Amino acid sequence: MEGLRGGQEPGRGAAAGSGAGADGGRRRPAGPPPRPHAAGLARSPAGPLVFPRHRAVAPPLQDAPPLRLDSILYLRAVDHFNATIHQPQPPGYLFYVSAARLFNLAVGDPHRALVWVSIFASAVAVAALYLLARLLYDWVTGVVAAALLLTSVTFWFYGEIAYPYTALAACSTVLALLALGLRRGLLPGAPGVALATGAFGLLAGFRQDLLLFLAPLFVAAMWGRPPRQWLLGAATGALGILCWLLPTAALSEGLAKYYAAVTYQSSNASGELSAFTVGLAGLRANARTVTFFLQQGLNLALVPLAYLLIRHLVVALARRRAPEPAFGWTALWLAPPLLFYLLAHIGDYGYTFSVLPGLLVLAARGVVLAARDVVALAGTLIARPRGAGGLPAGSVARLAAVALALGLGAGVAVADARIFLAPQGQFSVAGIDCFNQTMRERLNIVRKDFRPAETLIFTAGYYQHVRYFLPEYPTWLPATGAGPVVERTIEPGTRHLLVFDEVLRPADERAGFKHYALPCNGTPFHVAAVKRGDVVRVDSAAATIAIVPAAAPRRASAALGRSRSRAWSVPARRRPPARSTASCWASRARRSTGSPWA
């Protein structure tokens, strides 16, 4: 395989020694690990596919293993939906999984189907944002806002993988557009109310958090309407909710079990960093995480966004005039999710897609106002009574402002696109391709060089990947709440320990560990020979793994005063219990604390 040290092909080379299996024709693991370097990709993305922006979503990217841990849960849900066993995790996202099933009828592969859902949702979000920004301001703002969302680095990245957050952006933007149409009278009377509120309830079947985030906007949209329209809106909204709630509960072993699963999942997801449970420490941690996640999504759009906010502040202080009404409407759209993320829980970059479209509308407005201000300043410096070609000076100024705004917006969009298309980076086509290469290589190494009956795989971050692609191999996942140090005694018959996660390194390279150099970035895939009675010790705080030989004294373990083994092992060929994903949720929540388990 490409990327192995020495260029050896599968099944060739000298014996692997003590670390890589018993057969003499297998590959030799590399020696000391190389210095890590940035992921690289020498080739350019594949050609256009349906939507021009999604040039990266062509083979081999769609044919690769799912990039995110929870993507495996959605893959399982496409085949069999049951939120109580975390297929997918509660609350279930029934319409998202159903959309993937529809695409699966055409493509015949659940992973490719989920990626196509992300692509389609991205297109819907961009189109809806153009219409929304045009309705709030003008067509120039709409074009710039759509271009900024189209090329947002995190939005583009999530549009290329099997994850539901572009659906969150699409549904949030469509519902904000419907609420604005309701407020502006574009959806008049009882039919308009029924359409908007029914869509509000229905689209929550893609992401249930939309009910919480968009409720204030719909209340503002309905404000001033007669009571009978409020009753109609409540009824159609409730009917829309029942359209996904009842089937979800029925497919998840009944309403009582489904409610218990949702409650348990919610408490696990937000408990560790909620400001309501840990106070100011949680608020500070969430604020840092939200700020970082949004900065990754906005990138250069932060400049026009900051310009707009400063300009509105100066105008408000100097002229005692409130900002434009559209600004207040957008702020009402953004405030509920931002408050939730600050006070309760923010677990992934994709969470910010409930606010990223609105922020990019404001950034686009900042681009337009900056262009107008520049043209106005130039007009005061170069005072001419007539414009070129006999046009009035005002018309020339307006045309110049439009051209400058479109040029500035295109410049920001192109700069963001270059980040995603760069030959390295976490959020880039290169990053996706590099993950695909390394994950494929890991799976191939395990299948070719190690027998299930003789192998134990340690994994935390890739636990779902291992259980999905290598179900016949025994797997060790640290239990939730087991503490920073966990241990496991090697059982009879086990000869090889594989460390599937790149975040761990051997505490001592001389203590039996060898490694394969994975392709693309040279990440070491550590393996070790073990025997019955050996103790494997994992320290998540130090991000190390060590093997204590069976005959060695265990004074260190006694000094630490810890339990000998507080780890959870899943036997081969057996479906993991539902609590497995609870562990995954706890792992995701620990990401913002810097834990190596993430």
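Let's start with tyrosine 158, which is buried at a relative accessible area of 0%. "Buried" here means under 20% relative accessible area, "exposed" means over 50%, and "partly exposed" is anything in between, using a 1.4 Å probe and protein chains only.

A quick word on the ground rules. This is a predicted model, in which local features need pLDDT of at least 70 and side-chain atom pairs count only at pLDDT 80 or more, while totals for chains, interfaces and linings use all residues. Residues are numbered from 1 along each chain as its sequence is written, and side-chain values use heavy atoms, with hydrogens and water left out.

Now the overall picture. The protein has 598 residues, and buried ones make up 52% of them. Take the contacts (heavy atoms within 4.5 Å) between residues at least 6 apart in sequence: 73% of them join residues at least 24 apart.

Back to the tyrosine, this time for its ring. The structure holds 29 aromatic pairs. Rings of Phe, Tyr and Trp (its six-membered ring) pair if their centres lie within 6.5 Å; planes under 30 degrees apart count as stacked, over 60 as edge-to-face, and the rest as tilted. Tyrosine 158 and phenylalanine 353 make an edge-to-face pair, 5.5 Å centre to centre with 85° between the planes. What does that pair tie together? Tyrosine 158 lies in helix H5 (residues 153–158) and phenylalanine 353 in the loop between helix H14 (325–343) and helix H15 (356–381), so the pair links parts that are 195 residues apart in sequence. Phenylalanine 353 is buried too, at 0% relative accessibility.

Another edge-to-face pair is formed by tyrosine 468 and phenylalanine 469, at 5.0 Å centre to centre and 85° between the planes. Buried or partly exposed, this time? Tyrosine 468 is partly exposed at 28% relative accessible area, and phenylalanine 469 counts as partly exposed at 22%.

Rings also meet charges. The charged end of arginine 442 sits over the ring of phenylalanine 500, 5.7 Å from its centre. The test is that NZ of Lys or CZ of Arg lies within 6 Å of the ring centre and within 35 degrees of the ring normal.

Tyrosine 158 turns up again among the contacts of serine 118, a residue of helix H3. Leaving out residues up to four places away in sequence, serine 118 touches Tyr158, Gly159, Ile161, Ala162, Tyr163 and Thr166. Serine 118 counts as buried, at 1% relative accessibility.

Serine 172, in helix H6 (residues 165–184), is another buried serine, at 1% relative accessibility. Beyond its neighbours within four places in sequence, serine 172 is in contact with Leu210, Leu214, Trp333 and Ser354.

Helix H3 also packs against a partner. Two packed helices are described by the angle and the distance between their axes. For H2 (residues 94–107) and H3 (residues 110–136), the axes come within 8 Å and cross at roughly 115°. Each axis is a line fitted to C-alpha atoms, for helices over the stretch in contact, and angles run from 0 to 180 degrees between N-to-C directions. H2 contributes Tyr96, Ala99, Ala100, Phe103, Asn104 and Val107 to the contact, and among the H3 residues are Trp116, Val117 and Phe120.

Most residues other than glycine have a negative phi, and most peptide bonds are trans. In the loop between H1 and H2 sits histidine 86, a non-glycine with a positive phi of about 60°; histidine 86 is buried at 6% relative accessibility. The peptide bond from glutamine 87 to proline 88 is cis, with omega near -5°, and proline 88 belongs to this loop. A cis bond also joins proline 90 and proline 91, with omega about 10°. Tyrosine 93, also in the loop between H1 and H2, has a positive phi of about 55° and counts as buried at 6% relative accessibility.

Notes
Helices (H or I, at least four residues) and strands (E, at least two) are DSSP runs, numbered from the N terminus.
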